[in-house]
Amino acid sequence: MDYPEPFQLKVDPRHGRLLGSPSNYQKKLSDLAGIYRDSAAFDALAQTDGDRVVYAVQDYRPAFGDNELIFGTTWMAPGRVGDEFFMTRGHIHARADRPEIYHGQSGHGLMLMESPEGDTRTVEIWADVVCYVPPFWIHRSVNLGDQPLVMAFTYPVDAGQDYDVIARSNGMRSLIVDDGQGGWVERANPDWRPRTTNQIETIHATAHATVGA
Ligand code: ZN
C-alpha cells in the first residue's frame, strides 16, 4: 500500500500565511455585496474600497481519500459596514454533520453560529483560543478588532460548503454590531426568515448522503 507522506506547513500568525501551501484565494470587498444589512453604507464603501482584499484563505487539501482533513489559515481585514463588523459570507457544510475547528492566531473576533432551527451562539476568539464548530451549525467569522483576525482551521475533506443557506433566510438571525463604546453587541436581524420544516429536514438529510451524491 502507498501511504501518504507526512509533512509540515508553517503558520505565520501575524499575516495569516500558510507557508508551503499550494492554494490561495482572496475575496475583495466588492465580492461581499448583499451580506451586510446597510446596503447604502456598503455601496459607499465599495465605491472607494471595492477592490481591497478583505479576506484571504490559504489551505492544503489532501487528495488521498475521503477520510482526510483540510487545513489552512484565514486572514480577515478589520473594518465595518455601517455598524456591522467585517465578516465572512458564512456557510453550513454541504454535509451538515461535518464539524470544524478554528484556532485563533492573532487579532480579536468571534464565530457566529446558528442552528437550522435558528438558535444562535457566539464564541469569542483571540490568539490561542480554539473554537469548535459542532456538526449542523451554520458559521460565520466576524472581525471585532482594529487589527487583522488570523485563524487556522481544520475540517473533513468531504464536508463541502453551502454558501446560500444564509441568503435563503435573508441573513443570519443575529447581527454583530458596534455598541458605540468600543465593544460589540448581538442584535436581532429584523429581516431574518425562519427555515421551513422542509428546509430543516433537507439539511439533516445531507448527513446521510452517499459519497459523490
Ligand atoms: Zn466551515
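## A buried aspartate and its partner

The model here is a predicted one. Asp-12 pairs with Arg-17 in a salt bridge, and their closest N and O atoms are 3.4 Å apart. Arg-17 has a relative accessibility of 41%, so Arg-17 counts as partly exposed.

## Other salt bridges

Side chains of opposite charge can pair when their charged atoms come close. In this model the count comes to 11 salt bridges. One of them joins Arg-52 and Asp-49, at 2.9 Å from N to O. Arg-52 is partly exposed, with a relative accessible area of 35%, and Asp-49 is also partly exposed, at 21%.

Another salt bridge links Asp-97 with Arg-98, again with closest N and O atoms 2.9 Å apart. Asp-97 has 22% relative accessibility and so counts as partly exposed, while Arg-98, at 19%, counts as buried because the limit for buried is under 20%. Follow the shared partners and you find one network of salt bridges made up of Arg-95, Asp-97, Arg-98 and Asp-158.

## The zinc site

Now to the metal. The zinc ion is coordinated by the NE2 atoms of His-91, His-93 and His-139 together with an OE atom of Glu-100, at 2.0 to 2.3 Å. Along the chain, these donors follow the spacing H-x1-H-x6-E-x38-H. The site links distant parts of the chain: His-91 lies in the loop between β7 and β8 (100-106), His-139 lies in strand β12 (residues 138-143), and the pair is 48 residues apart.

The 4 donor atoms subtend angles of 84 to 161° around the zinc ion, and therefore the arrangement is irregular.

## A buried glutamate without a salt bridge

Glu-84 sits in strand β7 (residues 84-85). Glu-84 is buried yet has no salt bridge. How far away is the nearest side chain of opposite charge? That side chain belongs to Arg-140 and is 5.3 Å away, whereas a salt bridge needs the nitrogen within 4 Å of a carboxyl oxygen.

What the side chain of Glu-84 does have is a polar atom 2.9 Å from the backbone nitrogen of Arg-37. Leaving aside residues up to four places away in sequence, Glu-84 touches Tyr-36, Arg-37, Asp-38, Gly-79, Leu-175, Ile-176 and Val-177.

Note on methods:
Residues are numbered from 1 along each chain as its sequence is written. This is a predicted model: local features need pLDDT of at least 70, side-chain atom pairs count only at pLDDT 80 or more; totals for chains, interfaces and linings use all residues. Side-chain values use heavy atoms; hydrogens and water are left out. Helices (H or I, at least four residues) and strands (E, at least two) are DSSP runs, numbered from the N terminus. Buried means under 20% relative accessible area, exposed over 50%, partly exposed in between (1.4 Å probe, protein chains only). Lys and Arg count as positive and Asp and Glu as negative; His and the chain ends are not counted. A polar contact is a pair of N or O atoms within 3.5 Å; within protein, one must be able to donate a hydrogen and the other to accept it, and residues adjacent in sequence count only if both atoms are side-chain atoms. Contact means heavy atoms within 4.5 Å. Donors are N, O and S atoms within 2.8 Å of the metal (3.2 Å for Na, K and Ca); water is not among the atoms, so sites may look incomplete. Four donors count as tetrahedral if all angles lie between 85 and 135 degrees; four count as square planar and six as octahedral if opposite donors are over 155 degrees apart and all others between 65 and 115; anything else is irregular.
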